[in-house]
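Colleague: I'm new to this one. Could you show me how to read its helices?

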Amino acid sequence: AIPFFCFILGKCYQRAFKPSHELTFINGMKFIFNVFKVGIVVIGVMAALWYPWLHSLTDFTNVLKAIFPIKRGLYQLKVATFWCISDIFVKW
């Protein structure tokens, strides 16, 4: 996620400072506005992805329990990681 964030932040910077490459108030405001637009898009996409599970608290907590299996223990996570990594070398 960090490389994508840096790439998009760099694109926002290039779009704001491309014509003159000088630090002015207007160019700074363009940069802030571009970052704000990207933030709005990210929040909208996350809201659209989570929308089906936000209707009830039990659905939401079930999704969180599936993503973060802390209560089940980390054994299942270790087994899944082993199978995914070993499948590259040995086709089970």
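Modeller: Let's go through a helix pair, a helix length and a serine.

Modeller: This is a predicted model, where local features need pLDDT of at least 70, side-chain atom pairs count only at pLDDT 80 or more, and totals for chains, interfaces and linings use all residues. Residues are numbered from 1 along each chain as its sequence is written, and side-chain values use heavy atoms, with hydrogens and water left out.

Colleague: How do α1 and α2 cross?

Modeller: Two packed helices are described by the angle and the distance between their axes. Here the axes of α1 (residues 2-17) and α2 (residues 25-50) come within 8 Å and cross at roughly 145°. Helices are DSSP runs of H or I, at least four residues, numbered from the N terminus; axes are lines fitted to C-alpha atoms over the stretch in contact, with angles from 0 to 180 degrees between N-to-C directions.

Colleague: Which residues of α1 make the contact?

Modeller: Among them are Ile8, Leu9 and Phe17 of α1, meeting residues of α2 that include Phe31 and Val35. Contact means heavy atoms within 4.5 Å.

Colleague: What span should α2 have?

Modeller: At 1.5 Å a residue, the 26 residues of α2 should span 38 Å, and the end C-alpha atoms of α2 are 37 Å apart, which agrees. The expected span is 1.5 Å times one less than the number of residues.

Colleague: Is Ser86 buried or exposed?

Modeller: Ser86, in helix α4 (residues 75-89), is buried, with a relative accessible area of 11%. Buried means under 20%, exposed over 50%, partly exposed in between (1.4 Å probe, protein chains only). Asn27, Gly28 and Asn34 of α2 are buried too, and what covers the buried residues of α2 includes α1.

Note on methods. Helices (H or I, at least four residues) and strands (E, at least two) are DSSP runs, numbered from the N terminus.
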